[in-house]
Every structure is written in structure tokens, then in C-alpha cells.
Amino acid sequence: MNTAVVILNWNGRRMLERFMPSVVQNTEADVIVADNGSTDNSVAFLQERYPQVRLVLLDRNYGFADGYNRAIAQLQEYDYYVLLNSDVECTPHWVEPVIELMENQPKVAVVQPKLLMYDRKDTFEYAGGAGGFIDSYGYPFCRGRLFSTLEKDHGQYDDTRDVFWATGAAMFVRASVWCKMGGLDGDFFAHMEEIDFCWRVKNAGYRVMYCPQSVLYHVGGGTLPKSNPFKTQLNFRNNLSMLYKNLPDDRLQRVLRMRMLLDRVAAVKFLIEGHVGEYRAVRQAHREYREWLPQLEAKRAAIHPKEVSGVYCNPLLLEYYFLGRRRFSQLHGRYSRARS
């Protein structure tokens, strides 16, 4: 089957120099770099050093979400797309087991590999670990990572299984489903867009899975560091937007009221700790979310949200901060089941 590994680049020549060798050497698929209007000579570097890599040139920085949408719109000849960050080290035969899984199970629309840290290869990486979930209030977490706590990889998550979301750092997507879903939500710009996409995929009746036979090593934080106020703004705004779009009717208002309250608590905590930029970012996120409500309502109507499988029904904040449960294996609450 035709597979396109698509790397979105924006002023990432340093990462391309570092990681493109492992991508080219270990990838049995077409490698494509979509450039988001870089100004750092990335394109010239690729043209000189990797003429076999196909380039898709965008006229400006459209962000992660719409950048991928615009690039993949030019790649209609493929059966599968792989969204791969530029700061990922690939291992031999990382593509084949995932494509085999998807070929054998037509209802599987999205799959992620095992994602480990580049500089601590025995430890799960923050962005995806061994597959993602969310709790009852929309807080994302992974097998191998709860909030900022990372686990070492001892083979404890080497089972192929359904998850709630797959990391955008290395996400395999069935092309037909990508087109049916309309790709990522371009309004998100960056952050939470892959979780929103996977939730919409599940609302449409497809499955999201994790494949441990495929292993990648990820640097992470290459574009925006964790403490960046703009990243905070995107995460808070997009999380609320994702919840509004995808929550079933009977949970929507209750969850959103509680989540808005928890966000305000987080903003006050930022202020007390002296992180004024982060405090302002949360307030700006809430303003933008309220401004978006009319268009979010239209998106919600098109999705027809229902109860889907894989939402952790307990409040993760309580279990993590007050009960001291810092590993995925310590979570013993119930997960939601799809409503027929």
C-alpha cells in the first residue's frame, strides 16, 4: 500500500540535519517534507542533501494543523499518511508493523508507535508514550506519562491495544478517513489538534490503536518550550474547544463548567508563582474560546457527538495530586464504553 511519511518543517534545519538520516535510512515509504514558509535555508539544505525527498512548499507558516491539511491536500495518491515530527529518530522497520495492523483491521483509522525519549531511550516520551487517553474533565495523559511524571520502559506497555488518542508526533492515518474527517481542525493552529482529530474519528465509529512493534525516539518541545505563554494559550483554548465539539449532550455543560473553574484555579496558581505571562495566557484562551462559540456550535452539529470508548471516568487531578497515583498502572477507575 502507498504510504507517505510527511514531515512538517518550519525553520527546522537543525533538526533536519540531525534526524533526516535516520528517517531516510529506516523508512520503507515515500518521505515528504512540507515546508511552512521557512526562512532558515531548510529548503535549500534538503534540495542539496536529500534530492530523493519530495518537497511541498507552503507560502507561510500555517501552524501544525492547517500546515498538514494544506500539505496532505497535495498528496491524494496515497493510502496512508504518517504525520512525523522533524525531531524524531526512526528505527529499522518502524513503518511495516503499523501498516500491517491497519491492513488487517479496516475499522482502525489511526495508530501510533511506541514513543520514547531521544536522550533517555529507556523512558517514555511526554508527547505520546504508549498511547493517549483523557479523563472525565478532558485532561490528556498517556500510558507511560501522567502529567509531568514519566515512566521507564520495562515492556509493561508492549500490548497492541485500543487507545483514545495518538500523538501527532508520529501518527499513522488511513487516507480515506483523513479525507472523510476533513483532516485536522485548522483553527487550532497547534496543540490538542491530534486529540480532537482522534475523538472525531471515534465519534464516526472508527478505532484508534497503539502498536508497540514500531519504536521511535522523540526530542520534543522543538518548536515551543513547555513554559511558553503562547503554548499555554493554545493548550487551554484548544482543550475547551475540543470538549465543546466532542462531548455528548448529557455531559457537555457539567464538564465545561468544572473545566472553566479548574482553568481559573490554574491561572491563579500561575499568578501566585510569578508566571504573569502564563496567567494572561489562560485569560486570553478563555476570551478566544468564548469568541469561537458560534463556529464551535456549527462544528459540533456536524460531528453528532456520542459517548465513545476510552474516557477515564475518574478525575485525574484528584488521583495524581491528592492520592499520589503517578503511574498509569495505578489508575483503577472505569473507562467509558461506546454507546450504540
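R13 is partly exposed, with a relative accessible area of 26%, where buried means under 20% relative accessible area, exposed means over 50% and partly exposed lies in between, for a 1.4 Å probe and protein chains only. This is a predicted model, in which local features need pLDDT of at least 70 and side-chain atom pairs count only at pLDDT 80 or more, while totals for chains, interfaces and linings use all residues. Residues are numbered from 1 along each chain as its sequence is written, and side-chain values use heavy atoms, with hydrogens and water left out.

The partner of R13 is E17, with which R13 forms a salt bridge whose closest N and O atoms are 2.7 Å apart; a salt bridge here is a side-chain nitrogen of Lys or Arg within 4 Å of a carboxyl oxygen of Asp or Glu. Because E17 and R13 are 4 residues apart in helix α1 (residues 13–26), they are separated by about one helical turn, and E17 is also partly exposed, at 38% relative accessible area. Helices (H or I, at least four residues) and strands (E, at least two) are DSSP runs, numbered from the N terminus. The protein has 10 helices and 14 strands.

K114 lies in strand β6 (residues 108–117) and D158 in the loop between β10 (149–150) and β11 (161–162), so the pair ties together parts that are 44 residues apart in sequence. K114 counts as buried at 5% relative accessibility, whereas D158 counts as partly exposed at 41%.

Another such bridge is formed by R237 and E288, whose closest N and O atoms are 2.8 Å apart. This pair links R237 in helix α7 (residues 229–246) to E288 in helix α9 (residues 276–303), 51 residues apart. Here R237 counts as buried at 7% relative accessibility, and E288 is buried at 14%. Elsewhere, salt bridges with shared partners join D185, D187, D196, R200, K245 and K299 into one network.

R200, a member of that network, is found in helix α6 and counts as buried at 9% relative accessibility. Leaving aside neighbours within four places in sequence, R200 is in contact (heavy atoms within 4.5 Å) with M181, G183, L184, D185, K245, N246 and I303.

K202 lies in helix α6 (residues 193–203) as well. Beyond the residues within four places in sequence, K202 is in contact with V163, F164, V208, K306, V308 and S309.

The aromatic side chains give a further view of the fold. A search of the whole structure finds 21 aromatic pairs, in which rings of Phe, Tyr and Trp (its six-membered ring) have centres within 6.5 Å, with planes under 30 degrees apart counted as stacked, over 60 as edge-to-face and the rest as tilted. Y81 and W178 form an edge-to-face pair, with 6.3 Å between centres and 75 degrees between planes. This pair links distant parts of the chain, with Y81 in strand β4 (residues 80–84) and W178 in helix α5 (residues 175–181), 97 residues apart. Y81 counts as buried at 0% relative accessibility, and W178 counts as buried at 4%.

Y139 and F147 also form an edge-to-face pair, at 6.2 Å centre to centre and 65 degrees between the planes; Y139 is buried at 12% relative accessible area and F147 at 14%. One aromatic cluster is formed by F124, F133, F141, Y157, Y312, F328 and Y335.

Across the protein as a whole, 56% of the 340 residues count as buried. Among contacts between residues at least 6 apart in sequence, 75% join residues at least 24 apart. The C-alpha atoms fill a box of roughly 55 × 40 × 40 Å, taken along the principal axes.
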